[in-house]
Amino acid sequence: EGYDNNSGDQIIRGKGLALSSVSIEQDSAYWEMRIGTTQTDGQDDEHDENAFEILKFGVAKRCSTSELNSVQDIPEDDDSNRFFLRGIPNLVDGDIVGVAVQQSDLPMVQFIINGEPLHHMAINRFRGSIYPAVWLPLPDAFQVEFIWDEGQWKYEPPSAKFKAIMLARSIV
């Protein structure tokens, strides 16, 4: 389940792989995701302190709806070359995960947690059209808010060359 909030960002809840509808066409792109739980006050916390580690962030190639629905898990080293996602350790409710994608020099996906780069988690050498993605493995346990607008970002991208995702435009 996904919906837009008042600022134009998207909030994702539910279970499975969620892909953005806009592919990354520019050389360098950046966006942020705010993670949280869907629990309301008074509910027991049925997740341990490492529960957020099962979430995975990054990019993926376009899949059909039936393919998306059939995905049960996404391994860290996916052999299909369709999913470029990483689980990030030590996340807590309210953390901001930044994703920086570079396609020009050496295609790379970089991860930033609360403004601090996680160089050891970078994904290198991918090709083809990719889309921002998040993997939510448990139904109704977590929510992820995609923050697309650079004016709403909490942290700076790793370099000035990283900008918000631009919609591709065709010239007729």
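Modeller: A residue counts as exposed when its relative accessible area is over 50%, and as buried when that area is under 20%, with partly exposed in between. The model we are discussing is a predicted one.

Colleague: Why is asparagine 90 called exposed?

Modeller: Its relative accessibility is 62%, and the cut-off for exposed is over 50%, so asparagine 90 counts as exposed. Asparagine 90 lies in the loop between β6 (83–87) and β7 (96–102).

Colleague: Why does asparagine 114 count as partly exposed?

Modeller: Asparagine 114, which sits in the loop between β8 (108–113) and β9 (116–117), has a relative accessibility of 28%; because this value falls between the limits of 20% and 50%, asparagine 114 counts as partly exposed.

Colleague: What makes the phi of asparagine 90 worth a remark?

Modeller: Most residues other than glycine have a negative phi. Asparagine 90 is not a glycine, yet its phi is positive, at about 65°, and asparagine 114 likewise has a positive phi, near 50°.

Colleague: Why is glutamine 110 called buried?

Modeller: Glutamine 110, in strand β8, has a relative accessibility of 15%, and since buried means under 20%, glutamine 110 counts as buried. Leaving aside neighbours within four places in sequence, glutamine 110 is in contact with Gly98, Val99, Ala100, Pro158 and Phe162.

Colleague: What is the mean pLDDT of the protein chain?

Modeller: The mean is 81, and 77% of the residues reach 70 or more. Over residues 2–6, however, the pLDDT is below 50, although this stretch has 10 contacts in the model beyond near neighbours in sequence.

Methods. Residues are numbered from 1 along each chain as its sequence is written. This is a predicted model: local features need pLDDT of at least 70, side-chain atom pairs count only at pLDDT 80 or more; totals for chains, interfaces and linings use all residues. Side-chain values use heavy atoms; hydrogens and water are left out. Helices (H or I, at least four residues) and strands (E, at least two) are DSSP runs, numbered from the N terminus. Buried means under 20% relative accessible area, exposed over 50%, partly exposed in between (1.4 Å probe, protein chains only). pLDDT is the predictor's confidence in each residue, from 0 to 100. Contact means heavy atoms within 4.5 Å.
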